[in-house]
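Let's take a friendly walk through this model, starting with a pair of helices and then moving on to a loop and a chain contact. Have your viewer ready.

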Amino acid sequence: MVKRMTALAAVLLVCCLMVATAGEKKRYAFIFKSTGNPFGEKLMEGFKTAIEESGAEAILRAPDLPTAEAQIMIIEELIAQNVDGIGLAANDPDALQPVLRKAMRQEIPIVTADSATNPESRLVHINQADPELIGRVQIQAAYDMAGGKGDIAILSATSQATNQNTWIEWMKKELELPKYKDMKLVKVAYGDDLRDKSTSETEALLKTFPDLKVIIAPTTVGIAAAGKVLTDKNLKGKVFLTGLGLPSEMADYIKNGVCPWMYLWNPIDLGYLAGYALVGASDGIMTGTIGEYINAGKLSAKTVVSAGDGGTEIMLGAPFKFDPENIDQWKDVY
Amino acid sequence: MPEARTISADKPFSWKAFFLQWEWMLLVLFILVQVANSQLSSYYFNFDKPGDSAMKLIDATMTFLDKAFIALPMAFVIIMGEIDISVGSTVALSAVLMGVSNKAGLPMPAAMCLCLAVGTGCGLLNGVILTRFKELAPMIVTLSTMIIYRGIALIILEDQSVGKFPLWFEFLGWEYVGPSPFMLLAFLVCALIYGVVLHKTTFGRQLYAIGSNRTASYFSGVPVDRIRIAVYTLIGLMSGVTALFLTSRMGSTRPNVAQGYELDVIAMVVLGGVSTSGGKGRMIGVAISVFTVGYLRYGLGLRNVSAQVLMIIVGLLLIFAVMVPNLRQMAAEWMANRKRAV
């Protein structure tokens, strides 16, 4: 028994020693909201490219569930590894504050991308596009698709997702304009960026609101799930779909007419910019004050501007429209 | 003249039996995890800076101890041969009510008491239902209350979160008493109390009796119903404690916190050597198991292992733990058969 134990221990030790320990390179980590999100994977791909261009090593992490608890645990692990910077897409704007404060006390810079934390918990946020524009443009799309009247429903990610919530606020503001007097927002449903939940939420929307004209899904997981449901139920022309989606996932639904057009920015560029901002922060070049310029590799230099929540941010650009005309060019890119 | 015979329940002491106890296996497992972790990641234990690294490891307990508070009374429940899967929802409901009442103007200390009271109430309700309707299985009753408690939390707060607690509230989950995190100290004290209660009191002895044979215990005068209510109330109270620590660590709360905690907790208890068929297990095993699972997850996290792989590894460990007693028995039978053949 004892002999066997020692043998086992020896084997384990040998296995362990074969795994080489990390080198002296700088290391930057990115934490996305949860695993299995194609947008997140593209974002992290861009982040990795930027980090590697600067000669450092990228660590890519995501929890199995889109919760703040799980992200707290990952951040603790990264602090223990003395990483040189952490980028993240936050699952909750406030719940990460204590652990991020701990990280910043140990001089680990924090940059958020896609979904921000509150301003106290970050140096700067990388914003995909002006949230006002993203919100308004989706309502305008719904207006054009529905012919100016009818019920609208929103299928969002989690109810705490900072980015989606900001866009939805702007959508509601746009809807207050007199132009939209015949359009009504009947419900905001939350698919939690999980495929099965987004599917069942879409089905529930269709059942509860038989007069529904447009579903707006400002999340890549939600819009793809809704596209599938509308296609399967053969609701093309009766219920329209728009929102923010990945061209590769949405190409079929854009071509079959379920989703006449949708918007997005380039998630790879978003991650890439976050990577450069983080490297700049770690080198002490970027401090997150308004008016600073940062070098962003293949993207042109970007400026730090003030953000709507009282903090600062760097803007990637305007949302891009994908329709049957241009979808073929983009579906293989991301 | 026939020799006088004495009958005694005490077995003669044997070193072999002593070291074959599950708790020793666990300790070996714990040490293996430590060795493997420190080999896998130089950030886990840096031998150049032992003091610093030890501090970091003590620090790491804060990442997994919140749910461990429920593991202590869960050991009681499982020793009785029962189960409670409503604990995660109890945590969520207590935390949400604390957040909402604090936001509505209740001072934080009172809100914290409310949190504990809600947890205790949830546990008490489980206990009362189970003792009033004896034909209902604990699994079914706690499954129902698991859905109900989280349902209530969702009705109260829908999809929103509440936060903005006073800064001193972060003490629970983030601050230190001397070199030890407050959470670690609190857990060790609780574990000690639960250990003493289980192993040194009549109450503890009665738990084992109920787990071994509930009917026989009842007819021997063990107040089975009172004890069951007490144990379920206790697990509710500890769920409230977990809610306090978890909320302190997150700085805000919402209805979907603590999802899957029931499974994590049951896993810790079972790995700790508490038999799911009741009547067996010790508190020291549960305590070691809490740290084994916690450090395993933490160590793999330092290697940046992906979430899915991590779940598989913890699952494998659990299957191994459940299988070991069976394997041991199979091995013993095989040995006995071989002896007989010879």
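In chain A, the axes of helix α3 (residues 68–80) and helix α4 (residues 97–105) come within 10 Å and cross at roughly 10°. Axes here are lines fitted to C-alpha atoms, for helices over the stretch in contact, with angles from 0 to 180 degrees between N-to-C directions. Because angles under 35 degrees count as roughly parallel, α3(A) is roughly parallel to α4(A). Helices are DSSP runs of H or I with at least four residues, strands are E runs of at least two, and both are numbered from the N terminus.

This is a predicted model, in which local features need pLDDT of at least 70 and side-chain atom pairs count only at pLDDT 80 or more, while totals for chains, interfaces and linings use all residues. Residues are numbered from 1 along each chain as its sequence is written, and chains are lettered from A and ligands numbered from 1 in the order in which they are written.

Which residues bring the two helices together? From α3(A) come A:I72, A:I75, A:E76 and A:I79, which meet A:V99, A:L100, A:K102 and A:A103 of α4(A); contact means C-beta atoms, placed from the backbone, within 7 Å.

Now look at A:G311, in the loop between β12 (302–306) and β13 (312–315) of chain A. Beyond its neighbours within four places in sequence, A:G311 is in contact with A:P119, A:R122 and A:H125. The C-alpha atoms of A:G311 and A:I285 are separated by 18 Å, with the two residues 26 apart along the chain.

Finally, the contact between chains takes 33 residues from chain A and 31 residues from chain B. On the chain A side, α3(A) gives the most, with eight residues.

Terms used:
Angles under 35 degrees count as roughly parallel, over 145 as roughly antiparallel, 65 to 115 as roughly perpendicular and the rest as oblique.
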